[in-house]
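I looked up the pairing of strands, the packing of helices and the contacts between the chains.

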Amino acid sequence: MYATVKGGEQAIDNAHRWLADQRRGDRGVAELDLAQIRQQMGRAVDRVMSEGSLADPELAAVALKQAQGDINEAVFLLRAYRNTLPRLGRTEPLDTGAMRLDRRITPVFKDTPGGQMLGPTFDYSHRLLDFSLAGNDDPPPAAEAEPAADGAVTPITEQLVREGLTEPDLADDTQPVADITREPLRLPAGRDARLQALARGDEGFLLGLAYSTQRGHGGHKVYAGEVRQGEVTVSFVPEELGFPVEIGRMTVSECHVLTPEQADSDRGPGLARGYGLAFGRSERKAMTMALVDRALQARERGERIQAPAQDEEYVLGHLDSVHAAGFLEHLKLPHYVDFQAELATLRALQQRNDRDDDGGDQP
Amino acid sequence: MTAHSTSPAPEPRERQERLALLARAPEELLEAAWQELPGKPRLTPLRPPETGLLMVRGRAGGTGRQFHLGEVAVTRAAVCLPDGTAGYGYVLGQRSRHAELAACFDAMAADGSWAAEVQRAVLDPAARHVEAEDAAARQRAEATRVDFSTLVREG
């Protein structure tokens, strides 16, 4: 436990002043403006929105600038700001089937209705540093091509459901929907609470867990069934109108993963699935979310829980970067009192041991 | 796939389309149209612009059980014409002026003497803007359509 302390105001003020000075850096170098961060550091903005659990690129850009690019700190700032705004309601469920697709790949089928579009991706790039970016970078505009008139895209899960290879995800809108920002997470968690927790979870932590399942720690042979990026409509029902109104669009990333189950408890052979959805172009996040969602189905599917990624208490209890960083960083606060007590105990024990070594009291 | 068919009255499509366009059009487009409109009616704020949060819902697997994905900021505003006709604006983000302009145009579009002018000066250009934006994005995506050929024998 840390002790409450007083004093140090001047030092703290000056430390923060130095931090702000450092953020600005050399005044001879042009200052970053928020539009530059939003547009040219878009993937960082998306990650902050995703883990900050607030899809607002402008606010995320402010957070990133203030945090000097420290993603974790920016996420914390965004979460804190979110607490100052009133909750006006909820949106209608996003219809990701109606997404205006920027990207859509189906790694499990070469040919599938709607085809595949790579979109703006790092995939297939050579990962060679591009030193031309040290100068003024002015790439040619994106290529364009006329889409075919019949652009119908059937989600691959829909095909697999039709063939009876996997179970459909059926909506039951009469059920209440858990909100872990309002009520503490209760275990065992429903899939609603689990997906919400995963969506806010730290990408690095989830990536490590997803990787562990791929390496066999409670894992299954996994396939990425479909990965999508694009714009979806956001709508909600204002009280005064009583019907849904579209308030804008936002970019999301979505992923379905498939695991073949040869003898899946009482369900027989078929494909189990995991689902990931994330704000912005956060594809790695959506994929890790889908893998971990699948791993955490162990309990409800009657699978043996043998690895961390399948352990709901472990995963859902440790995935939040704000909680984790807060608990870690509180170690930097004064712990004088606790530590003095520890030292007193240790000294007493050492003295006793020394006496014992001197051949003092025999038991 | 949308499951919001619980509202009792049929949804007034025209207004939904209008509010969607006013929300999606860039604020600059609305502002320019506002500045150019001659002899505007007197509009009284019913509610000053207010920013709050909406919890965004998704569906497990895209079609299943609902879950909470995270929040968005939304700004809402309400105005009324002298005869009491109300107009509402709802836009994503912290955008007070945008929400206010949307509310003003929504009220005016509901008024017979202004409807045609709002259509011409705002809604038509907004629709063209939104369509062009969508078309450009579709064309960029189309240019990345890929046809992988498999090098090993399948099966």
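Entry 1: The strands concerned are S3 of chain A (residues 116-117) and S4(B), which run antiparallel and are joined by two bridges. I count two strands as paired if DSSP finds at least two bridges between them.

**Entry 2: conventions.** I note that this is a predicted model, in which local features need pLDDT of at least 70 and side-chain atom pairs count only at pLDDT 80 or more, while totals for chains, interfaces and linings use all residues. Residues are numbered from 1 along each chain as its sequence is written, and chains are lettered from A and ligands numbered from 1 in the order in which they are written.

**Entry 3: the contact between the chains.** How many residues of chain B are in contact with chain A? I find 55 residues of chain B in contact with 72 residues of chain A; contact requires C-beta atoms, placed from the backbone, to lie within 7 Å. On the side of chain B that touches chain A, the elements that each supply at least two residues include helix H1 (13-24) and helix H4 (112-142). By class, that side holds 25 nonpolar, 19 polar and eleven charged residues. Here Ala, Val, Leu, Ile, Met, Phe, Trp, Tyr, Cys and Pro count as nonpolar, Asp, Glu, Lys and Arg as charged, and the others, Gly among them, as polar.

Entry 4: I traced an open sheet of four strands with mixed pairing, in the order S1(A)-S1(B)-S2(B)-S3(B). S1(A) and S1(B) run parallel and are joined by four bridges; the bridge partner of Arg87(A) in S1(B) is Leu53(B). S1(B) and S2(B) run antiparallel, joined by 13 bridges. I checked two positions there: Gly58(B) stands opposite Phe67(B), and Thr44(B) has Cys80(B) as its bridge partner. These two strands form a hairpin with six residues between them, and Gly61(B) in the turn has a positive phi of about 70 degrees.

**Entry 5: two helices of chain B.** How do H1(B) and H3(B) run relative to each other, roughly parallel or roughly antiparallel? Their axes come within 10 Å and cross at roughly 150 degrees. Axes are lines fitted to C-alpha atoms, for helices over the stretch in contact, and angles run from 0 to 180 degrees between N-to-C directions. H1(B) and H3(B) are therefore roughly antiparallel, the word for angles over 145 degrees. Residues making the contact include Leu19(B) and Leu22(B) of H1(B) and Phe105(B) of H3(B). I count six nonpolar, no polar and two charged residues in this contact.

**Entry 6: burial.** Eight of the ten residues of S6(A) (residues 270-279) are buried, so this strand is largely enclosed by the rest of the structure. A residue is buried if 20 or more other C-beta atoms, placed from the backbone, lie within 10 Å of its own. S6(A) runs antiparallel to S5(A) (residues 245-261), with ten bridges joining them. In chain B, buried residues make up 40% of the 155 residues.

Conventions: Contact = placed C-beta atoms within 7 Å. Parallel < 35°, antiparallel > 145°, perpendicular 65-115°, else oblique. Buried ≥ 20, exposed ≤ 12 C-beta atoms within 10 Å, placed from the backbone.
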